[in-house]
Amino acid sequence: MTSSPLPVLGEQAPGFSGRSHHGEVLELDRLAGSPVLLMFYPFAFSRVCDSELQALVARRERVRSTGARVLAISCDPVHSLRAYAQTLTADFSEAESSELPFDLVSDFWPHGEIARRYGSFDQVKGAAQRSSFLLDSSLRLDHVQSVPAGTARDLDEALRLLGRLR
């Protein structure tokens, strides 16, 4: 299996379903009605992915204020993502929300199928590339951001763009 080309701006985003770190089945089609940010990342428990997702957790109020659904997608299995979610919220007190402001979504099986649909699967590493896809409330592709695997994305820019779609 090879990756598809990148979806075209303004066109309907490729549909998919995957399981969240809670075991819930998430279907993209059911998220219509509010903006959606798809954040593909290579590996749970890796240095850049940790810093990026912890930064997103630290901005949880800003994430929630966008009214968007944020899905962080990797090829890790659900059980690994469940443990990963716990580490991402470990530094927050009970007074603060210990719940992630986004869902971790498993693209484990068929391996990398969601990332492939978005042209974001690295065949050599067997993992998602570090890319983001911003969808409007009709699930049309509004913005794409890709960065090298060792570089964190500009989360403030992504949140600004999400706020614009609200």
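Which residues do ring pairs link into a cluster? Phe16, Phe40, Tyr118 and Phe133 are the ones joined in this way. The model is a predicted one, so to speak of local features takes a pLDDT of at least 70 and side-chain atom pairs count only at pLDDT 80 or more, while totals for chains, interfaces and linings use all residues. Residues are numbered from 1 along each chain as its sequence is written, and side-chain values use heavy atoms, with hydrogens and water left out.

On to the aromatic rings. Rings of Phe, Tyr and Trp (for Trp, the six-membered ring) pair if their centres lie within 6.5 Å, and planes under 30 degrees apart count as stacked, over 60 as edge-to-face and the rest as tilted. By that rule there are six aromatic pairs. In one of them, the centres of the Phe45 and Tyr84 rings are 4.8 Å apart and the planes stand at 55 degrees, so the pair is tilted. Phe45 is in the loop between β3 (36-40) and α1, Tyr84 is in helix α3, and 39 residues separate these distant parts of the chain. Helices (H or I, at least four residues) and strands (E, at least two) are DSSP runs, numbered from the N terminus. Burial goes by relative accessible area, with buried under 20%, exposed over 50% and partly exposed in between (1.4 Å probe, protein chains only). Tyr84 comes out at 0% and is buried, whereas Phe45, at 45%, is partly exposed. Elsewhere, Arg116 puts its charged end over the ring of Phe121, 4.0 Å from the centre; the test here is NZ of Lys or CZ of Arg within 6 Å of the ring centre and within 35 degrees of the ring normal.

Asp103 and Arg69 meet in one of them, at 2.9 Å from N to O. Asp103 lies in strand β5 and Arg69 in strand β4, so this pair ties together parts 34 residues apart in sequence. Asp103 is buried at 9%, and Arg69 is partly exposed at 27%. Arg130 pairs with Glu52, their closest N and O atoms being 2.9 Å apart. That link spans 78 residues, from the loop between β7 (127-128) and β8 to helix α1, and both partners are buried. Shared partners join Glu52, Arg130 and Arg153 into one network.

Arg153 also touches Ser131, a residue of strand β8 (131-135). Ser131 is buried, at 2% relative accessibility. Leaving aside neighbours within four places in sequence, its contacts (heavy atoms within 4.5 Å) include Leu38, Met39, Phe40 and Gln145. Ser131 and Ser120 are joined, side chain to side chain, by a polar contact of 2.5 Å. Such a contact is a pair of N or O atoms within 3.5 Å; within protein, one must be able to donate a hydrogen and the other to accept it, and residues adjacent in sequence count only if both atoms are side-chain atoms.

Definitions and conventions: A salt bridge is a side-chain nitrogen of Lys or Arg within 4 Å of a carboxyl oxygen of Asp or Glu.
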